[in-house]
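I opened the model to look up a few things. My notes follow.

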Amino acid sequence: VAVVTGASKGIGYGLAKALAHAGATVAVAARDTAALTQLVSEIEATGATATAFELDVGNLDQIEQVMQAIAERFGRLDILVNNAGLGANHPAVDVTEWDWDEMMDVNVRGLFFAAQSAARHMLPRGYGRIINMASQAGLVGIPRHAVYSATKAAVIGLTKVLALEWAPQGVTVNALAPTWVYTPGTAERLDQPEFLASVLERIPAGRVGSTTDIAAAVIYLASEHAAMVNGSVLVVDGGWTA
């Protein structure tokens with residue numbers, strides 16, 4: 001049983017479908033229930049099993065309720081893909097307190113408590129895979145992304161601590177650090193030739209990432225083949241950070 005937060009659009013939408021294709025029973029969670037309903041229909045059309053749950057990761061009570069509901073419904077909770085997150089693009093000198101608090105609330109606070117809540121179901125069973133969505137921006141500086149970079153660096157730090165604490169009880173915790181990935185949410189910027197060229201200058205592979213690139217990494221980290229991978233940051237950036 002795999003839980004994907006932030007599954008109503010972009011990368012999360014594709015990750016949920018990929019996990020279902022790989023054989024997982026998928027619980028998709030996000031604020032946009034209409035999009036989740038469509039996602040569940042698409043997954044079920046392939047013969048796989050999926051269920052939608054409304055979830056705002058800024059609401060800690062709701063996180064607990066949703067994880068409990070998933071565990072009760074399926075009798076287990078094996079995989080959490082902590083994908084819910086916000087992005088923003090503004091000069092550091094213009095960042096407001098609201099900008100800072102909003103992104104920290106979702107990208108760090110919400111991610112941590114989703115992991116904690118899922119772990120409470122995994123640890124007693126002695127098995128679990130938690131995959132936190134970080135970013136290349138958590139490893140290197142990117143102009144106009146001060147708050148975003150700070151949140152993703154925090155995700156990487158949290159991943160390492162949780163990996164140390166939970167590995168003895170069979171739960172691995174790893175992070176993914178993607179480069180720019182083409183999604184409906186990033187299309188507005190990546191469709192601008194000058195901006196795309198500035199991105200591709202930094203990626204030796206010569207292209208931006210795809211949802212398939214990220215899905216392959218998630219499926220690996222969620223699998224038995226990654227049993228000895230713990231506290232790691234799997235960078236999927238075509239060489240940007242190299």
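I count a salt bridge when a side-chain nitrogen of Lys or Arg lies within 4 Å of a carboxyl oxygen of Asp or Glu. This is a predicted model, so I take local features at pLDDT of at least 70 and side-chain atom pairs at pLDDT 80 or more, while totals for chains, interfaces and linings use all residues. Residues are numbered from 1 along each chain as its sequence is written, and side-chain values use heavy atoms, with hydrogens and water left out.

**Entry: salt bridges**

I looked up the charged pairs. Side chains of opposite charge can pair when their charged atoms come close. The count came to seven salt bridges. Arg76, Asp78 and Arg125 are linked in a network of them. Within it, aspartate 78 pairs with arginine 125, the closest N and O atoms being 3.3 Å apart. Aspartate 78 sits in the loop between α3 (60-74) and β4 (79-82), and arginine 125 in the loop between α4 (97-122) and β5, 47 residues apart. I took helices (H or I, at least four residues) and strands (E, at least two) as DSSP runs, numbered from the N terminus.

Next I checked burial. I call a residue buried under 20% relative accessible area, exposed over 50%, and partly exposed in between (1.4 Å probe, protein chains only). Aspartate 78 is buried at 7%. Arginine 125 is partly exposed at 37%.

Glutamate 42 bridges to lysine 17, with the closest N and O atoms 2.9 Å apart. Glutamate 42 is in helix α2 (residues 33-44) and lysine 17 in helix α1 (residues 10-21), so this pair ties together parts 25 residues apart in sequence. Both ends are partly exposed: glutamate 42 at 25%, lysine 17 at 36%.

Aspartate 213 meets arginine 207 at 2.9 Å, N to O. Aspartate 213 is partly exposed at 22%, and arginine 207 is partly exposed at 45%.

**Entry: strand β6**

Which strands pair with β6? I required at least two DSSP bridges between two strands. Strand β5 (residues 128-133) pairs with β6 in the parallel sense over six bridges. Isoleucine 130 stands opposite valine 173 there. Strand β7 (residues 233-236) is also parallel to β6, over four bridges, with proline 178 opposite valine 236.

I then checked its cover. In a regular strand the side chains alternate between the two faces of the sheet. In β6 (residues 171-178), eight of eight residues are buried. One side carries Val171, Val173, Ala175 and Ala177; the other carries Thr172, Asn174, Leu176 and Pro178.

**Entry: aromatic pairs**

I paired rings of Phe, Tyr and Trp (its six-membered ring) with centres within 6.5 Å; planes under 30 degrees apart are stacked, over 60 edge-to-face, the rest tilted. The structure holds two such pairs. Phenylalanine 112 and phenylalanine 113 are edge-to-face, 4.9 Å centre to centre and 80° between the planes. Phenylalanine 112 is partly exposed at 23%, as is phenylalanine 113 at 27%.

Tryptophan 180 and phenylalanine 195 are edge-to-face too, at 5.1 Å and 80°. Tryptophan 180 lies in the loop between β6 and α6 (187-190) and phenylalanine 195 in helix α7 (residues 193-200), so the pair ties together parts 15 residues apart in sequence. Tryptophan 180 is buried at 16%, and phenylalanine 195 is buried at 18%.
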